[in-house]
Amino acid sequence: MATSTTVTAKILADVTDFSTGMKKASTSLSKFSAAATRAGRDITTAISAPLILLGREAVRVATSFDLAQRKIQGIRGADKPIAKLVKTARQLGASTIFTAEEVSTLQLSLAKLGKTDNEILALQGSILKLAQAMDIDLAEAGELVVKNQNRFRDSLQDLGGDLEQATFITNVFAKATQSSLLTAETLGTALNYSASEAAAYGISLSETVAILGLLADQGFEASRGGTSFRRILGQLAKDGLNAEQALAALFDSTKGYAAELEQFGLRGAGARKSLADLLPLFDELRNKLDNSEGTVDKFAEALDESLL
């Protein structure tokens, strides 16, 4: 028979066990609460941080877009409205792979190069296609087109106005990168070193690009190709040859490196020798460039399909 002492001891033991259990439960709840708080904080950070960054980027893009338009306005003058440029920049930003900010930067670049608003509106479509086809920056594509349009103005006149000339240039450049080892970067660099001299000599854009393409295929790329071509042209001009004669002499059979070195110097001898007997290849490439209509459109269509 249980005594009062036994009962009391049993009750105290049960209370002690209950208290210990409650403490453990309390500790577990505290740990769970802390873990839940941390998880909530992590979830909040995971959601809010990207949103904050996205918001900051949106503000940066909007600021950059607005700044480019303000700069154009500064070039034009406060009394000259540029609403059409703003509108088309936003439209192209919504309908192409480029952003409104990038289109606006292109417009600014063209404005700095002396293009009117109407000329910019006419040119930007072709330049967007070139930039997409050659995977280059929009402003870079714009400068590549307009600078060479200015350099070869005389030989391009028969093509029509700015739009027709720009379209021809973009197709020539795209076809050149498709038909030789030239890239947008190496072509642009080579032209910076030789295009003005070639145009002054009376050599056309497609002839110049074809020569630079052949030089690139022979290992004379970018500045080396442009500098070598310029050096050769300078010597042929000193020798009294006109453009037609110079093109023929450019592809004559070589008389050996010593003879090339004596005539064209160290910077031109190797390049001239590498072009010897390549007249058939030159004629073939020039013909491709002269008949390159639609090349940029095909590039753009292929890229658009790959994004579907």
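## Helix packing in a predicted model

Helix α8 passes helix α10 in a right-handed crossing. A crossing is right-handed if the near helix is turned clockwise from the far one by less than a right angle, and left-handed if anticlockwise. The structure is a predicted model, in which local features need pLDDT of at least 70 and side-chain atom pairs count only at pLDDT 80 or more, while totals for chains, interfaces and linings use all residues. Residues are numbered from 1 along each chain as its sequence is written, and side-chain values use heavy atoms, with hydrogens and water left out.

The chain holds 14 helices and zero strands. Helices (H or I, at least four residues) and strands (E, at least two) are DSSP runs, numbered from the N terminus. Of the 308 residues in the chain, 39% are buried. Buried means under 20% relative accessible area, exposed means over 50%, and partly exposed lies in between (1.4 Å probe, protein chains only). Contact means heavy atoms within 4.5 Å. Among contacts between residues at least 6 apart in sequence, 69% join residues at least 24 apart.

Two packed helices are described by the angle between their axes and the distance between the axes. Axes are lines fitted to C-alpha atoms, for helices over the stretch in contact, and angles run from 0 to 180 degrees between N-to-C directions.

Helix α8 (residues 184–201) packs with α10 at an angle of about 15°, and their axes are 6 Å apart. The pair is therefore roughly parallel. Angles under 35 degrees count as roughly parallel, over 145 as roughly antiparallel, 65 to 115 as roughly perpendicular and the rest as oblique. On the α8 side, T186, T189, A190, Y193, S194, E197, A198 and Y201 take part; they meet A222, S223, G226, T227, F229, R230, L233, L236 and A237 of α10. By class, this contact has nine nonpolar, six polar and two charged residues. Ala, Val, Leu, Ile, Met, Phe, Trp, Tyr, Cys and Pro count as nonpolar, Asp, Glu, Lys and Arg as charged, and the others, Gly among them, as polar.

Helix α10 (residues 222–238) also packs with helix α12 (residues 257–275): the axes come within 8 Å and cross at roughly 120°. That angle makes α10 oblique to α12. The crossing of α10 with α12 is left-handed. From α10 the contact uses T227, S228, R231, I232, Q235 and L236, and from α12 it uses Q263, F264, G265, R267, G268, A271 and R272. Four of these residues are nonpolar, six are polar and three are charged.

α2 passes α3 in a right-handed crossing. Here L85, T88, A89, R90, L92 and G93 of α2 touch A100, V103, S104 and Q107 of α3. This contact divides into five nonpolar, four polar and one charged residue.

**The nonpolar core**

A nonpolar core is a set of buried Ala, Val, Leu, Ile, Met, Phe, Trp, Tyr and Cys residues joined through side-chain atoms within 4.5 Å. The largest one has 70 residues, and those with the most contacts inside it are F173, V209, I211 and F229. Helix α9 (residues 205–217) gives the most to this core, with eight residues. Not counting residues up to four places away in sequence, F229 touches S194, A198, I203, T208, I211, L212, L215 and L250.

**Y257 in α12**

Y257 lies in helix α12. With 39% relative accessibility, Y257 counts as partly exposed. Y257 and A269 are 12 residues apart along the chain, and their C-alpha atoms are separated by 6.7 Å. Apart from neighbours within four places in sequence, Y257 is in contact with L266, A269, G270 and K273.

Most residues other than glycine have a negative phi, and most peptide bonds are trans. D135 has a positive phi and is not a glycine; D277 likewise has a positive phi without being a glycine. D135 sits in the loop between α4 (117–134) and α5 (138–151), and D277 in the loop between α12 and α13 (279–290). The table gives their values.

| Residue | Phi | Relative accessibility |
|---|---|---|
| D135 | near 55° | 71%, exposed |
| D277 | about 70° | 48%, partly exposed |
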